[in-house]
Amino acid sequence: MERTLKQLFFFTVLLSLGITSGAQIRTAHYEIIVPEGTSDVYSSEMEQRFTEFNKVFRFDPAQLGSLLKVRVFTDKNEYDSYVVGLLGSPRPGAIYIHYRNPANRELVIHRGSSEEDSIVPYQAFIQFLRAFIHEPPPWLREGFAVYFNTLKYDRARGTLVYEENLSWLDTAKRSAINPEAILQSAASFPNIQAFSWAMVSFFMSDKSSDYFRSLTDSLMMLSPDASTEENVQLMYKRLIMFNPIAALTRDYSNYIAGKKTFTELVEDGQRAYGAKNYIAAEESFRKAATLRNNHYAPWYYLGLVAYENKKYNEAEDFYKKALDLGGERALIQYARGVNAAAAGKKAEAIAFLEEAAAADSARYKTRSDELIRKLQ
């Protein structure tokens, strides 16, 4: 009876919105419903996300009760009306709606919304996890959802691009937590996203460690039919079987205390560079580049370090990359000019210096002209 009422409710909502049909795209693991005449932009993305998620979780896809449903709207009013009709209030960008019956579950997306890119990765993971484990531990659900939230889809290249999500690092650092309480919690708790992400980041930081192995082993203990409380205890007992909680707490605390944001790493590198400690500076800038590979700053500073170490070809490569990533043209072309001059490439140096002066005459014309006169 409950199933019949839910199906009738869904049909009534769809009918009231005029959404009784749409183009359906089926992939190995998904059924994607888009408005008639709308191109499919999600099938490859969702399948790639499924693959990335399952590299950690190792769920058996054969256990899925049905394909994971994704419903796409391009019209904001239709999206809002649909979501409000189901949940009673709007949700920006995307929302995964979960029911005990797999046939009723769906990820609903407002394609083209300003929130889409920041919300779809989070909600897509929740859909993946709860498709296999109906009631997962809260820290596992929220921690991995935040962890994977910066797994962005590059539509131009058709590939996923990952940047480590450090948005909750400051919160995790400022507030002391008890890992045992987090791992044994069966309900939401203050700053759940910050602390859950911190636990996941700790376990995932070294895939050759005993902690990572304990995590993957404990995931095998989860049961699709167990309650939240039962799954919490199943995972916890396995996690601490070979990692006493006192040692885990100590190692977690040391890990978070030593974890740095992109900005902190760049600032550390700048201080080391100013102190002429080029080895430490390079290490910090390379770590920053690993966190945000598409930000120009680490590459520019790596160019400065390479120049100081008389590695002029390497410096030129770093500067060019920084420029390609949107770095300030005048600043970088001046640095390239100085670097080319040191490498004995006079023609290149003059061309770079002239570009720097043209791009920002107030800051670089005098300096560039002086160096050009020396080169001529």
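Reader: Which residues does Asn149 touch, not counting residues up to four places away in sequence?

Author: This is a predicted model. Asn149 belongs to the loop between helix H5 (138-147) and strand S6 (151-154). With residues up to four places away in sequence set aside, the residues that Asn149 touches are Ser118, Pro121, Tyr122 and Asn165.

Reader: Is Asn149 buried or exposed?

Author: The relative accessible area of Asn149 is 16%. The limit for a buried residue is under 20%. Because 16% falls under that limit, Asn149 counts as buried.

Reader: What is the distance between a polar atom of the side chain of Asn149 and the backbone nitrogen of Tyr122?

Author: Tyr122 is among the residues that Asn149 touches. A polar atom of the Asn149 side chain faces the backbone nitrogen of Tyr122 at a distance of 3.1 Å.

Reader: Which side chain of opposite charge is nearest to Glu47?

Author: Glu47 is part of helix H2 (residues 43-57). Glu47 is buried and has no salt bridge. A salt bridge needs a nitrogen to carboxyl oxygen pair within 4 Å. The nearest side chain of opposite charge is 11 Å away and belongs to Arg26.

Reader: With which residues is Glu47 in contact, leaving aside its neighbours within four places in sequence?

Author: Glu47 is a residue of helix H2, and it is buried. Once neighbours within four places in sequence are left aside, its contacts are Thr27, Ala28, His29 and Tyr30.

Reader: Where is Ile256, and which helix holds its place?

Author: Ile256 has 4% relative accessibility and therefore counts as buried. It touches Leu169, Ala172, Lys173 and Ala198, not counting residues up to four places away in sequence. The place of Ile256 is in residues 245-258, which form helix H11.

Reader: What distance separates the C-alpha atoms of Ile256 and Leu169?

Author: Leu169 is one of the residues that Ile256 touches. The two residues are 87 residues apart along the chain. Their C-alpha atoms are separated by 7.8 Å.

Reader: At what angle do helix H9 and helix H10 pack?

Author: Two packed helices are described by the angle between their axes and the distance between the axes. Helix H9 covers residues 210-219 and helix H10 covers residues 228-239, with their axes 8 Å apart. The crossing of H9 past H10 is right-handed. The packing angle is about 145°.

Reader: Which residues of H10 make the contact with H9?

Author: H9 and H10 pack with their axes 8 Å apart. On the H9 side, the contact is made by Ser214, Leu215, Asp217, Ser218 and Leu219. On the H10 side, the residues are Met235, Arg238 and Leu239.

Reader: Asn191 is not a glycine; what is its positive phi?

Author: Asn191 is located in the loop between helix H7 (179-183) and helix H8 (192-204). It is partly exposed, at a relative accessible area of 38%. Its positive phi is about 55°.

Reader: Lys276 is not a glycine either; what is its positive phi?

Author: Lys276 occupies the loop between helix H12 (262-274) and helix H13 (278-291). At 63% relative accessibility, it counts as exposed. The positive phi of Lys276 is about 60°.

Reader: Of the residues of the protein, what percentage counts as buried?

Author: The protein has 18 helices and seven strands. Its C-alpha atoms fill a box of roughly 90 × 55 × 35 Å along the principal axes. Of its 376 residues, the share that counts as buried is 48%.

Key. Residues are numbered from 1 along each chain as its sequence is written. This is a predicted model: local features need pLDDT of at least 70, side-chain atom pairs count only at pLDDT 80 or more; totals for chains, interfaces and linings use all residues. Side-chain values use heavy atoms; hydrogens and water are left out. Helices (H or I, at least four residues) and strands (E, at least two) are DSSP runs, numbered from the N terminus. Buried means under 20% relative accessible area, exposed over 50%, partly exposed in between (1.4 Å probe, protein chains only). Contact means heavy atoms within 4.5 Å. Lys and Arg count as positive and Asp and Glu as negative; His and the chain ends are not counted. A polar contact is a pair of N or O atoms within 3.5 Å; within protein, one must be able to donate a hydrogen and the other to accept it, and residues adjacent in sequence count only if both atoms are side-chain atoms. Axes are lines fitted to C-alpha atoms, for helices over the stretch in contact, and angles run from 0 to 180 degrees between N-to-C directions. A crossing is left-handed if the near helix is turned anticlockwise from the far one by less than a right angle, and right-handed if clockwise.
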